[in-house]
Amino acid sequence: MNEFENLETKRTIMRRLTIEDANDFYGLNNDEEVLRYTGDKPFDNLQAVVDFLNDYDQYEKYGVGRFAVLDKVTLQFIGWCGLKYSQDKNEYDIGFRFDRHYWNKGFATETAKKCIDFGFEKIKIEKIVGRAMKENIGCIKVLEKLGMTFKENFDFEGSAGAIYELTYKEIENSNNTKSIMRGFSDSSSKLKY
């Protein structure tokens, strides 16, 4: 899939990461607090970021990828969010990382939901997982707000981790149940005694 569409939410625009994002990406990934629960190491220098972004091939290979997230009003880079395919695990995961100034404001949930919808509706993915260190309560709350459920524990870079998952079938069943309940409440309100 070579054409990769931009996504929009109420407050953001999400687009492919490009080398023009290198400075912002470098700054984000060199903030110790941002990296605290990721297991990632900071980039050594700006050239390492440029090389990473040039070599990033998720879009072309799998039709998904991490998006640069821009504030819709200022067009400022505020972080990234998106799906990633892991060939060795044969699965798609949702990931997100934001500048600290944008924490606890709903950006991770808002953008991750849009990416999950994209994955299920456009790419026809059957299951999406989310991984988090158990200490990362904020991330776990986001995964739960997305409708993901706990699947299993795992070793996250030497720390206790948790895997959450959401399937397209669960979304479909949830939507069918909501439609049935709406229909029931609509019809019951019309009943005359």
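This is a predicted model: local features need pLDDT of at least 70, side-chain atom pairs count only at pLDDT 80 or more; totals for chains, interfaces and linings use all residues.

Colleague: Fine. How many residues of strand 3 are buried?

Modeller: Six of the six, so strand 3 is largely enclosed by the rest of the structure.

Colleague: Which residues are on which side?

Modeller: Arg-66, Ala-68 and Leu-70 are on one side, with Phe-67, Val-69 and Asp-71 on the other, and both faces are covered.

Colleague: And what does strand 3 pair with?

Modeller: Strand 2, residues 12-16, runs antiparallel to strand 3 and is joined to it by five bridges. Thr-12 is opposite Asp-71 there. Strand 4 also pairs with strand 3 in the antiparallel sense, over five bridges, and Arg-66 has Gly-82 as its bridge partner in strand 4.

Colleague: What about the hairpin of strand 3 and strand 4?

Modeller: Five residues lie between the strands, and Leu-75 takes a positive phi near 60°.

Colleague: Changing topic. In the largest nonpolar core, which residues touch the most other members?

Modeller: Ile-94, Phe-96, Phe-98, Leu-143 and Met-148, out of 34 residues in that core. Strand 3 is one of the elements that give two or more residues to this core, and helix 5 gives the most, with eight.

Colleague: What does Phe-98 touch?

Modeller: Leaving out residues up to four places away in sequence, its contacts include Val-69, Ile-78, Trp-80, Trp-103 and Phe-107.

Colleague: What lies apart from that core?

Modeller: Another core, of 15 residues, including Phe-43, Val-49, Leu-53 and Tyr-56.

Note on methods
Residues are numbered from 1 along each chain as its sequence is written. Side-chain values use heavy atoms; hydrogens and water are left out. A nonpolar core is a set of buried Ala, Val, Leu, Ile, Met, Phe, Trp, Tyr and Cys residues joined through side-chain atoms within 4.5 Å. Buried means under 20% relative accessible area, exposed over 50%, partly exposed in between (1.4 Å probe, protein chains only). Helices (H or I, at least four residues) and strands (E, at least two) are DSSP runs, numbered from the N terminus. Contact means heavy atoms within 4.5 Å. Two strands pair if DSSP finds at least two bridges between them.
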